[in-house]
Amino acid sequence: MSSLLGVRPEDGRVVGLAFATLLLMVAAHSVLETARDALFLAALPAQRLPWAYLGIATLAFLGAWANGRLATAGAPGRVLAMLLVTGGAGTVVFWRVLAVPTSAALMALYIWTGVLASIVVTQFWVQLASRMDVGRARRAYALVGAGGMTGATLGSLLASVVLTGHEPRALLPIAAALFVTAALLPAFAADDHDTRDAPEPASDDDTQPTLRAVWNDPYMKRLVPLAALAPIVAMGVDFIFKSVVTHAVPRTELGSFFARYNAIVNALALIFQLTVAPRLLQGIGVVKSLCLLPGALGAVAAGVAGTAALPAALVLRGTDGVLRHSLHRAATEILFVPLSGSTRAALRGLTESLGQRGGQVLGSLLILAAITLGATPPGIAAAVAVLCALWLLGYVRLERHYVERFRTQLRAFSTTSDTTVPALDLKSLETLVATLSSPNDAEVLAAMDVLASVGRARLVPPLILYHPSDAVVLRALALFDDVTRDDVQEIRRRLLAHDLPAVRAAALRSLAATGKDHAVVRLMLREDTSPLVRATALVLWTGAKDTPAADLDDAVRDLLASPDPVSRLAVAAAFGELPSRLRLPVAQALLHDATPTIRREVARTLAADPDVALMALLTELVAMPECRVAARAGLLTLGDPALEHLGRVLADPATPNALRRHLPRTISPFASARAAEMLVTQLGHEDDGRVIYKLLRGLGRMRTDDPSLPVDRATLVGQAERTLERTVALLAYRVAHEMLTAEGEDLLGVLLAEKEQRAIERVFRILQIVETSEDFATMHAALSSDVPATRAGARELIGHVLDGRFRDALLALTDSLPPAERLQEAASALSVPVADTALVAWRTPSTDASVDALATVVATMCDDLSLAVAALARRQLSANLKETPRAAI
Amino acid sequence: MPPSDDTDASIARLLVLKAMPLFADVHPDELAAVAEHTHLHTFEAGERLFSGTEKPVSTIHLVMEGRVTEHRGGRPFRSHGPQHVLGGLDALALSETDVVAVADEYTRTVAIERTALRDILEDNFGLLSTTLQGVAAATLRLRRRLPAAGFGEPSLHDHAPDGADDLASRMAFLRRHTWLGHLRVRTLGQLAHDAVVLAPRAAHHLWAGGDTAEHAVVIVRGTVTCSIDGAVTWNVGPGTVLGLEETLALEPRWGAADAAADTALLSITRTQLIDALEDDPDAAVGLLGGLATVASTLRDRVAGGETP
């Protein structure tokens, strides 16, 4: 039955005990309420009811305050049991007192009944919410609420039967016995607490919120007035109903009339609760479910205002009775689930006292005022219709804040990689400049790099070129590369006598770059003892404009002939000074059989001053990890021609995969509409999963940096749907695989699970590209959380921001159900042939149809695009299925 | 000192990170993501940075100023000064070793939580790649301090499985018999697919000390003899991943390797490995953790007094 009602086995115990507890509590209340109404209305006029409402409201303030305290008490289960026992004892006292009924005693009974129900039921839901996340609540609350409906129906029937042979007063000890029985159930006993059930604290601080905090929170502050409107409308409906009934039904038949009517309404509510409410909560969500009661009551109240007939009043009260304590109650309780424990208890107390009881006081005063002013039931019905419209509007406006609540909670999972160096204020600039004088060389280097990264390299004084650290001097030479001031040139000349060859070579390169010091180049070529400096000088000399072409070619041949790594590295660092026609062949020669260090240096030199002739080589270098950063920078410098070239190479099926998979992230930094178009177009017909992943990452980065960048949504959505279908297929493989595989090491099972997760990640990446205003990356991260409440929050958010079969399939795939059940849910939203086949095997195990279906799924798996899946499927499953199909399942 | 969020404090923390040799070549913008999640801490002389009860350590400290003595297994292991990292390998490896760190004098550190660092690395492959390179270099340094470079005796000699025959076999072999086995299966599948199967004959020369390291090999069958300067030699067998650390650290081969018998090897280039990891940040973090575990184990042996 539980699976039929959507409750999962792991929730069965909590939900079952909660169901039983609420059943007994509400049955007790229903019996007590029948006795109360019969006794009260038989002896007193309906016009006294508002005073009773006022009494309930006033005393319930105190009860709500106590409830808030009790909700956070150390042993919550015992608190509820204690309250129930107290309720039973108090009811017995009334039974004794009402042996001789008086007006005061009847009024006290009326108030007692209302206050007791308010306290114990509220305490019950607060304790239950502390063990729920929003996902479990949506699945379980309808059934738990059905416990209340069942209790109300059984209580009414019981009362009806008892009243056939006894006075209404006889119902009181029965109600007392039911309260005490409910107290005996261990539903929320402290020692029964299973930590697995405890949701995480919500993202807000887990301290009791002040009134100001509630007022400043757009979600919480709306719950209070909405809670106040509910009892005002309920009292209006109740007053209209009872006013009409007392005119239409003889007083002596009121007891049996109320018993029969309540039994019918409660039975209808139970049927609604079991059959419709769970679907509504799961299907249209919490807030839309809440809109049903005010919407329906408003419409019927408008009808009553026009007729004032008994049938219309019965329908009005019936609508209220069916919806209020079933769907509306369950959905209202879910509104408190996203709050942290303390916030929930405090806000529940606030909505109970200020909202519910305040609403009752206000409702009582309004009805008293209406009676004083001579208002008739139709007039009050018209007022109720207006209030329902306001109530409905309140819920419509609440939805945005309800969803925002989950967004806020998930922000803790937000990625952090977009951080950059903060904008520097005067104090931080002073810190950086002061660090340039640090005795620690590493700190000096760090300060220079940070200043350069924020475009403040000019704050580094040229005198740093005299720094005792070689590393600092080398970094400073690179930093001043474009500076041609005389003072810097003079220091460079002095550095030609530096002890370290690398410093001399760097100084020489800087000097030569200004085009004025060829004599120095010749001097260093002739006299320096270091191969590194001589090789550098040779490159610079051959690059001089006045070098004859033939001499130049000979010199280059000599340069490249040296196998000495130091010389080759020097050439790699300096060959950018050569005439452009020589750069490409020199680069290619240097790259032949090169070390990673030389390859990286070649890429850096090419990227420093790229031209179109080098475009193809730079593109090839993207495939090498050590060259990638520099090659991408060089291509970016070349602009549109490079972009078009990259697009052609990406689209060319002959391009090696080792290169293709790096092209999307090479194209994305161009950050133009054309670049986005190239990536989306390629996504439409790309087969290689790794390239698809990079395309998505590239597009994701572009859209994150510039959400206004246009993308072809249709292609992206199509890709998302294909990826979702692929995920369903992978899940179908898993289901078949689990049916065929015994316990033990299971590579295929692990691989399928990993690939399924990967496919889901891709779906979220695509969603993030399509809709940048939502944080789908965070939702995906939250779905991987170990905390059930966080996962449930992410799913709740997904349920609100997506729609249609796409949403249903994604929610099914990200559920915590076993694979076969997830597949069943997903396949009902998205048609994937292999999923249907796997489900045939699962639904009819150990049959010929199952064997045939499994064979089909395995055959599909063996032909899968993923080589690893296909290889493992062939190895682990196909032989097993072909040889001993029966044994296999 | 309580954490400060003003720009100056952010820059100060960024400078500390940037001054670390490991991050010297990383762009400041990339390091800013790390700096944002760090906090400044001060310790008086005698105060403990790690008490030994927290296993694995949850916080990594970078020493800005002062000195700290690290104790491992109850014995003093190493003294740390500015720019030193404390708890890095232990945190990445999720090591259960007793680590106690005591400030010898007034000490300031920049600290980051293990989980925050992991999240950042998952989001930023450039940083992760740099960290991987640093851990690989640390592993190499530790190998140089241990007999047989810290490799154990070959364990699969007599029952070497067929691991090079097809893709499924290669995946199964990598999963069952190497420390790469804890990587995601799909990443192992990618590596197994990209790997080249080599079958060197006995006495075939794989590489010499000082050679450029561009690939690692996984020994599937047979034995490989390793030697340093032709003097110290030892054998490694199936399941050993050889040459990975220097390949990742971009350092030359630290010793020679020769096939001691007819051997089957899976050869994986650095480019293939980096590509596979870049496609799968989780796997990259997993490999980082695996390498850190190797390094952590080697360090415990060094701390235990083993010498070459």
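Which residue stands opposite Arg221(B) in E16(B)? Keep that in mind as you open the viewer; we'll get there at the second stop. One thing before we go: this is a predicted model.

**Stop 1: colour by confidence**

Colour chain A by pLDDT. The mean for chain A is 85, and 92% of its residues reach 70 or more. Now pick out two helices: H28 (residues 640-651) of chain A has the highest mean pLDDT among the chain's elements, 96, while H42 (residues 885-888) of chain A has the lowest, 49. Then select residues 189-204 of chain A, where the pLDDT is below 50. Even so, this stretch has 32 contacts in the model beyond near neighbours in sequence.

**Stop 2: an open sheet in chain B**

Hop over to chain B and select strands E9, E16, E11 and E14. In that order they make an open sheet of 4 strands, with antiparallel pairing. E9 (196-198) and E14 (241-242) of chain B stand at the edges with a single partner strand each, so one side of each has no neighbour in the sheet. Zoom in on E11 (residues 215-221) and E16 (residues 264-269) of chain B: these antiparallel strands are joined by 6 bridges. And here is the opening answer: Ala264(B) is the residue opposite Arg221(B).

**Stop 3: strand E7 of chain B**

Next, select E7 (residues 99-103) of chain B and show its side chains. In a regular strand the side chains alternate between the two faces of the sheet.

Strand E2 (residues 48-51) of chain B runs antiparallel to E7(B), with 3 bridges between them; look for Ser51(B) opposite Val100(B). Strand E4 (residues 68-72) of chain B is also antiparallel to E7(B), joined by 5 bridges, and there Val68(B) has Ala103(B) as its bridge partner.

**Stop 4: where the chains meet**

Show both chains together. Here 42 residues of chain B are in contact with 42 residues of chain A. On the chain B side, several helices supply at least two residues each, among them H2 (28-35) and H9 (270-279) of chain B. The largest share, 8 residues, comes from H1(B). Sorted by class, this side of chain B has 19 nonpolar, 10 polar and 13 charged residues.

**Stop 5: helix H9 of chain A and a neighbour**

Back in chain A, select H9 (residues 254-275). Its 22 residues should span 32 Å at 1.5 Å a residue, and the end C-alpha atoms are 31 Å apart, which agrees. Its buried residues include Phe258(A), Asn262(A) and Leu270(A). Among the elements covering the buried residues of H9(A) are H1 (12-43), H5 and H12 (310-335) of chain A.

**Stop 6: the nonpolar cores**

Last, select Val728(A), Ala732(A), Ala838(A) and Val857(A). These have the most contacts inside the largest nonpolar core, which has 242 residues. Helix H33 (residues 713-740) of chain A gives this core its largest share, 12 residues. Centre on Ala732(A): beyond its neighbours within four places in sequence, its contacts include Leu823(A), Val832(A) and Ala838(A). A second, separate core has 142 residues, including Val15(A) and Trp391(A).

Key:
Residues are numbered from 1 along each chain as its sequence is written. Chains are lettered from A and ligands numbered from 1 in the order in which they are written. This is a predicted model: local features need pLDDT of at least 70, side-chain atom pairs count only at pLDDT 80 or more; totals for chains, interfaces and linings use all residues. pLDDT is the predictor's confidence in each residue, from 0 to 100. Two residues are in contact if their C-beta atoms, placed from the backbone, lie within 7 Å. Two strands pair if DSSP finds at least two bridges between them. Ala, Val, Leu, Ile, Met, Phe, Trp, Tyr, Cys and Pro count as nonpolar, Asp, Glu, Lys and Arg as charged, and the others, Gly among them, as polar. A nonpolar core is a set of buried Ala, Val, Leu, Ile, Met, Phe, Trp, Tyr and Cys residues joined through C-beta atoms within 7 Å. A residue is buried if 20 or more other C-beta atoms lie within 10 Å of its own, exposed if 12 or fewer, and partly exposed in between; C-beta atoms are placed from the backbone. The expected span of a helix is 1.5 Å times one less than its number of residues.
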